[in-house]
Every structure is written in C-alpha cells, then in structure tokens.
Amino acid sequence: MVGSGEFQFINCTASCMDPKRLVLETALNKTLLESQTQWKLFKVYNISKDEELLCSSTCGGKQETKVFHITVFYPPKQVLLTLSPTTVAVGTLFTIECRVPAVAPLECLNVTLLRGTEILCNQTFVGTTLSPQDAVVTHNTTAHREDGLYNFSCEAQMDMRSCGGGLVHRVSDPQRLEVKEPVPNNQTGIIITIVVVPLLFLVTSVLLYRYWWRPRHN
C-alpha cells in the first residue's frame, strides 16, 4: 500500500549468488540506491495508480520473475471544519460539519469531532471502492454558554497498517463559536398592547358618552 504520489522501496533479490541479470521492470520512475552481487535496492516514486512491478533475474541460464503488487490509497491531506451558524443564542441548534476531501479507502478512515478535548462524535465508514471521494460528517447539537470557551476541531485518521501501509493523521484548523444570551420574547408585550389599547379606548368612549349625554338638572 502506497499513498498517492508517494514512493516505495523495492528490493530485488536473486535466488543464486551470482546472477547474470537482475533488473526491476516498471514504467514508473526509479532510482538504483544500492546493489550487491545478489540484490539491488530501488526507489520508485510518483506512484499515482495501482501498479505491477517485475523483478527479473537469470540464474544458471534460467530466468526467474517475482511480481510486486502496489495498491495506491488516498490519505487525508486536508480536514475542513465548518460551524453553521458561527454565532448562536444559548439553547438554539447549530451544525458542525467536517469534510475530508478525496480519500480512499473509506473503510480505513476514522473521523472525530471534538469540543476542546471532549469527543462529540466519532464516525467510521463502509465501502470498498479505492477511488477517492469526500468523507463528510455532520453533527447537530444545542448551544450551551460554555461552548464559547472551547475550540472545535476535527481529526481524520487513516490506518493502513493491516494492509502494509502506515498511519496518517490530520487535524483541522480550530474554530470558535460565538454564544450569546437569548433575545427576550416581546411577543407577549405586543399581544397585551394590542388588547389593552382598544379596550381603554372603548372604556374612555363609554365614559365620555355618559358624561355628555347624561340628563342636565337646572
């Protein structure tokens, strides 16, 4: 397993002590790093797709060939974190989204959303395709007052050790959430005003009517 665009070391070793011919056959760019009578060490680089490499040697007039299979994976190179919205009131919902562009295979990827050091969400993926695709994790949560005191971040980890690769770890830039106190609800005051004002007008009108039209005594 080799990350896309990376390099690999290939050691070609013959079965005899004095091979007449020992070569690495590949269309990839290669460099001979070191050699002895029985073996040669090559570096192949700019590996961008799955490849088969042939290590050929000739011992006692017989040609021997060994095939190396290289599988390319696409490790996380960017981790993009978004808070939406970035300013919220206490008790309202906001969304945390983490996007890891162009990664494969997804089943080897683990994405973790963090508030400070607290794990908010940990997600693995399914799928066997080796073509790169975006991995997206979305988490909806309610804003608390203390949320404004912490950095939010996202970690992406691809573990290829079981397949002969390595462990790749990337972290997003930290993001801060601005948390405000909830705005007072003025709807009740508006309703009271709408009801009381006409009522006061009506009462005032009745009183004035009675005052002007009451019987006059000499």
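Mentor: The account below takes the disulfides in turn and then the surroundings of one of them. This is a predicted model, in which local features need pLDDT of at least 70 and side-chain atom pairs count only at pLDDT 80 or more, while totals for chains, interfaces and linings use all residues. Residues are numbered from 1 along each chain as its sequence is written, and side-chain values use heavy atoms, with hydrogens and water left out.

The structure holds three disulfides, a disulfide being a pair of cysteine sulfur atoms within 2.5 Å. With the bonded cysteines of the chain numbered in sequence order, the pairing reads 1-3, 2-4, 5-6.

Cysteine 12 is bonded to cysteine 55, with an S to S distance of 2.2 Å. This pair links distant parts of the chain, 43 residues apart: cysteine 12 is in strand β2 (residues 6-13) and cysteine 55 in strand β6. Strands here are DSSP runs (E, at least two residues), numbered from the N terminus. Cysteine 12 and cysteine 55 are buried, a term for under 20% relative accessible area with a 1.4 Å probe and protein chains only.

Cysteine 16 and cysteine 59 form a disulfide with S to S 2.0 Å. Cysteine 16 lies in the loop between β2 and β3, and cysteine 59 in strand β6, 43 residues apart. The torsion about their S-S bond is about -75 degrees, so this disulfide is left-handed. Both cysteine 16 and cysteine 59 are buried.

Strand β6 (residues 51-59) is joined to β7 by nine bridges, and the two run antiparallel; strands pair if DSSP finds at least two bridges between them. Three strands make up an open sheet in the order β3-β6-β7, with antiparallel pairing. Its edge strands are β3 (21-25) and β7 (62-70), each pairing on one side only.

The sulfur atoms of cysteine 98 and cysteine 154 are 2.0 Å apart in a disulfide. Because cysteine 98 lies in strand β11 (residues 93-103) and cysteine 154 in strand β15 (residues 151-159), the pair ties together parts that are 56 residues apart in sequence. A torsion of about -85 degrees about the S-S bond makes this disulfide left-handed. Cysteine 98 and cysteine 154 are buried.

Threonine 112, in strand β12 (residues 109-115), touches residues including Cys121 and Cys154, where contact means heavy atoms within 4.5 Å. Threonine 112 counts as buried at 10% relative accessibility. Cysteine 121 is buried, with a relative accessible area of 15%. The closest cysteine sulfur to that of cysteine 121 is in cysteine 154, at 9.0 Å, too far for a bond.

Definitions and conventions: Helices (H or I, at least four residues) and strands (E, at least two) are DSSP runs, numbered from the N terminus. Buried means under 20% relative accessible area, exposed over 50%, partly exposed in between (1.4 Å probe, protein chains only). Lists of a residue's contacts leave out its neighbours within four places in sequence.
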